[in-house]
Amino acid sequence: MSNYIFRRVLLSVPTLLAISIIIFAILALAPGDPLSQLALNPGIPESTRQLIRTQFGLDDPWPVRYWKWLTSLLRGDWGFSFSSRSPVIDIVMQRVPQTLQVVGFAYLLAVVLAIPIGILAAVRQYSWFDQLATVFSFVGFSVPSFFTGLLLMLVFAVRLKWFPIVYDSLLGFGSATEVLAQLRQMAMPVTVLVVQQTAALTRFTRSAMLDNLGQNYVRTARAKGLPYRRVVLRHVFSNSLIPIVTLVALSIPTIFGGAIITENLFRVNGLGALLITSINNSDTPVVMALSFVFAVLMVFSNLVADVMYGVLDPRVRYN
Amino acid sequence: MKTKVLPTSIAVLVLFALVLGACAAPAPAAAPAAAAPEATAAPAATEAPAPTAVPAATEAPAATEAPAAGGKLKILYWQAVTTLNPHLGTGTKDFDGATVILEPLARRNELDELVPYLAAEIPSVANGGIAADGTSVTWKLRPGLKWSDGSDFTIDDIIFTWDYCKDEATACTTLSNFQPIKAIDAVDATTVKITWTEPRADPFISFVGSQGMVLQKKQYGACIGGAALTDAACQAANIAPIGTNAYKLKDFKPGDVVLYDRNPNFRDADKVFFDEVEIKGGGDATSAARAVCETGEVDFSWNLQIPKAVLEPILAAGKCDSVAGGSFGVERVVVNFANPDPALGAKRSEPDQKHPFLVDLAVRKAINLAIDRQAIADQMYGPTGEPTCNVLVVPAAVNSPNTKCARDVDAANKLLDAAGWEMNGSVREKGGVKLITSLVTTINTLRQGEQAIIKSNLAEIGVQVTLKAIDAGVYFSGDPANPDTLNKFYSDLQMYTNGPDGTDPQAYLQGWTCAEVNSSANQWNKGNDGRYCSKDYDALYAKLKAEMDPVKRAEIAIQMNDVLSNDVALIPLINRRTPNGKLKTLMGPTYNTFDSSIWNIAVWSR
């Protein structure tokens with residue numbers, strides 16, 4: 001087992017290197033520069049922009065820049081952000097709590113909601129509850145978050161004035177009023193994310209359960225006289241866990257990828273909002289840091305999922 | 001078998017999620033359809049910006065005024081402040097974020113007049129501040145100025161700011177404002193003399209406005225050159241400057257929000273109304289407009305540039321006033337005098353390749369006559385723009401009264417008939433050359449609307465238009481390796497907004513001289529993208545450069561504008577305004593052409 005993990009970790013090094021080269025190359029080949037916002041500001045002539053490009057080292061060919069980035073990363077230096085001229089790592093760390101608070105909380109809520117709904121929908125297949133859950137998941141799947149988000153905003157913020165449009169990231173959790181304000185501003189973005197994520201998880205749980213419900217061992221258990229509830233929860237559910245665990249484990253890194261659209265829409269200063277503004281501003285060091293951390297988490301969760309298979313299913317062996 | 005299917009479907013799912021996340025990022029445009037036309041009459045008093053309890057009354061509020069001073073001023077930008085060092089700023093939002101803390105010697109107000117900030121008075125020839133020969137300017141500073149950390153503001157700080165930015169390795173975005181300086185000398189403790197490298201008519205280029213804010217030498221002293229970017233202490237200073245203005249920094253999350261509180265060492269600290277100021281960034285312009293006009297969550301919203309059809313119902317909600325005026329720039333169609341035919345290969349759009357039909361004045365005049373500026377203004381801009389025939393509209397003294405550009409399709413058709421361009425089907429033709437043009441602009445709802453109007457306008461005079469739209473990041477990038485930039489201009493017509501940087505139009509008008517024509521030899525970065533070249537215009541420019549008297553300079557500038565207009569060197573369309581929105585209860589914000597939208601934030605009140 002530990003041998004297996006060691007091999008996998010070793011294998012992930014070239015994977016991560018390849019990922020970082022690809023991302024870097026895409027960023028380098030994409031047009032635009034960190035000052036494109038000021039392109040038409042006559043106070044900042046083309047010569048100044050060219051000079052700044054040189055100072056940022058953007059004149060070097062991209063393999064040279066990639067090598068510089070990689071070597072400083074190995075020294076633990078993530079570089080400085082072109083647009084705020086301060087260390088990338090500080091900027092990224094500043095965003096983590098907000099993303100965990102909104103995206104992480106939404107994900108937790110989605111898991112807590114989806115698994116019972118999925119189980120119930122499978123056990124009572126084609127019942128009104130199952131039909132309702134199906135409709136709900138299809139809506140969640142097919143309606144994009146920028147639409148749900150805008151709709152919620154118009155109804156609950158503009159018309160009903162229940163929730164604020166502008167997310168206040170300076171709020172703490174110090175007093176009851178602050179906690180209440182936090183909950184109010186989290187309500188809309190969390191709802192948007194929960195609707196989407198619950199949809200996917202529900203369908204997975206349902207189909208995994210259905211696969212097992214028709215198996216012979218279920219009939220045997222029932223024939224032995226075990227209560228149906230116990231059969232479903234102990235036998236069927238445990239056996240259905242593999243696909244669910246895979247999905248959940250592989251989705252955890254996406255929490256750290258933030259929710260690009262939702263965060264941007266509701267002005268939540270999370271990692272997703274940071275990623276998209278950095279891409280728009282050609283802020284390469286920030287984009288690299290975010291996508292690389294994301295890649296590491298992705299590779300790691302893959303490993304965790306594979307290890308979990310062995311725990312959940314004794315038939316799986318690592319050689 | 002099951003185990004085979006699962007990973008694939010999971011991969012598909014994850015991919016689906018990623019694609020969804022990546023594709024739909026710039027979302028805002030979808031909202032308008034659902035926008036409610038009628039405002040709910042609910043007053044929603046509960047939602048009004050509740051002033052956070054002010055426990056300790058540090059400043060005695062003026063008892064005579066109705067609303068007590070204090071509380072938090074909430075400002076919303078749809079772009080977020082990323083640095084507070086204005087000389088390293090990469091967008092208006094950075095200059096504005098720094099404006100709350102730092103000050104220049106003087107700023108421009110909404111009438112484009114200079115208002116002294118760190119200076120005690122505005123230098124003029126009359127008071128001896130401006131040397132008659134244009135070689136230097138002498139500023140008198142307010143006595144007893146202090147930084148927010150309590151230390152004294154001195155002339156050394158001004159000299160330091162110049163030293164800091166003139167070093168190219170510092171990579172100041174404001175570099176061009178400091179380049180004309182030859183020397184800065186302290187005449188006495190409160191008098192500073194700036195000497196120019198060559199005589200200049202406009203002495204207010206340095207240390208004035210958003211690009212001239214003074215940094216503290218004590219804080220940034222070790223940050224000249226590459227250290228400004230790589231040194232940890234300098235990086236920390238870039239996001240936490242010490243300043244002289246009414247507020248000082250309390251908290252800053254780059255790319256998100258800045259919180260300021262009172263600067264007790266401000267010269268007029270007792271006149272400052274708000275206890276705290278917050279500038280929140282991000283999101284989109286439409287919801288920013290809603291936050292001030294419909295929910296009243298914020299006091300002030302910057303640059304609500306959204307199509308008229310979306311903006312007007314939001315403004316109608318009645319909670320806010322739009323603050324629009326001055327000029328954000330002139331939206332124009334630039335005419336290419338060089339031939340952009342791809343068949344020419346590397347000679348494409350080079351100045352020596354004459355355009356097959358746009359060099360004909362009759363064609364340019366006809367296009368100018370056919371475009372319906374009023375329709376563009378009415379349908380697309382509303383309160384955020386008005387038609388103009390001039391390329392130079394600000395300051396008011398140089399806005400030419402001599403030009404006319406009313407739409408006249410008959411006159412345009414007659415012009416083309418007379419010049420021998422004959423209708424062949426729906427397109428005019430002469431000697432095998434057809435009037436088929438390409439019009440390029442950026443991807444933007446507003447601009448695509450304009451493109452459509454122009455296309456149908458020109459169809460009426462037998463000029464066919466092919467439309468193309470390019471991502472703004474590419475179009476404005478100036479990247480010499482990219483064929484789709486504004487600078488290269490590989491099309492017949494292109495449309496964008498530009499305007500002068502300062503009240504003196506010389507630098508702006510230079511952009512149509514022969515010496516500035518873009519070509520491969522200068523990497524297309526000179527500024528004359530239309531490749532227009534006229535002896536008359538160049539002669540006027542030489543005259544302008546030599547003239548020092550402001551009144552005569554304005555006359556020459558108007559003449560130059562008229563040459564461009566009569567020669568149809570380009571087609572001015574719309575004078576755009578930056579429409580800011582403010583709550584009705586907020587007092588102080590004005591529009592501003594040449595300075596920050598929040599230039600006078602120290603005196604804002606409720």
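**Exercise 1.** In this predicted model, locate Trp162(A) and classify its accessibility.

*Solution.* Trp162(A) lies in the loop that runs between helix H6 (145-159) and helix H7 (176-213) of chain A. Its relative accessibility is 48%. Together with Phe147(A), Leu151(A), Val155(A) and Leu160(A), Trp162(A) makes a nonpolar surface patch of about 470 Å².

**Exercise 2.** Determine the geometry of the pair Phe56(A) and Phe82(A), and state where each ring is placed.

*Solution.* Over all chains, the structure holds 27 aromatic pairs. For Phe56(A) and Phe82(A), the ring centres are 4.4 Å apart and the planes meet at 5°, so this pair is stacked. Phe56(A) belongs to the loop between helix H2 (46-55) and helix H3 (62-74) of chain A, and Phe82(A) to the loop between H3 and helix H4 (88-123); the pair thus links distant parts of the chain, 26 residues apart. Phe56(A) counts as buried because its relative accessibility is 10%, and Phe82(A) counts as buried at 6%.

Phe82(A) also pairs with Phe80(A): the centres are 6.0 Å apart with 65° between the planes, an edge-to-face arrangement. Phe80(A) is buried as well.

**Exercise 3.** Which charged residues of chain B sit over the rings of Tyr117(B) and Trp524(B)?

*Solution.* The charged end of Arg107(B) is over the Tyr117(B) ring, 5.9 Å from its centre. Over the face of Trp524(B) lies Lys488(B), at 4.4 Å from the ring centre.

Methods
Residues are numbered from 1 along each chain as its sequence is written. Chains are lettered from A and ligands numbered from 1 in the order in which they are written. This is a predicted model: local features need pLDDT of at least 70, side-chain atom pairs count only at pLDDT 80 or more; totals for chains, interfaces and linings use all residues. Side-chain values use heavy atoms; hydrogens and water are left out. Patches are made of residues with over 30% relative accessible area and no salt bridge: like charges are joined within 9 Å, nonpolar side chains (Val, Leu, Ile, Met, Phe, Trp, Tyr) within 5 Å. Accessible areas come from the Shrake-Rupley method with a 1.4 Å probe; for residues, only the protein chains shown count as cover. A salt bridge is a side-chain nitrogen of Lys or Arg within 4 Å of a carboxyl oxygen of Asp or Glu. Helices (H or I, at least four residues) and strands (E, at least two) are DSSP runs, numbered from the N terminus. Buried means under 20% relative accessible area, exposed over 50%, partly exposed in between (1.4 Å probe, protein chains only). Rings of Phe, Tyr and Trp (its six-membered ring) pair if their centres lie within 6.5 Å; planes under 30 degrees apart count as stacked, over 60 as edge-to-face and the rest as tilted. A charge sits over a ring if NZ of Lys or CZ of Arg is within 6 Å of the ring centre and within 35 degrees of the ring normal.
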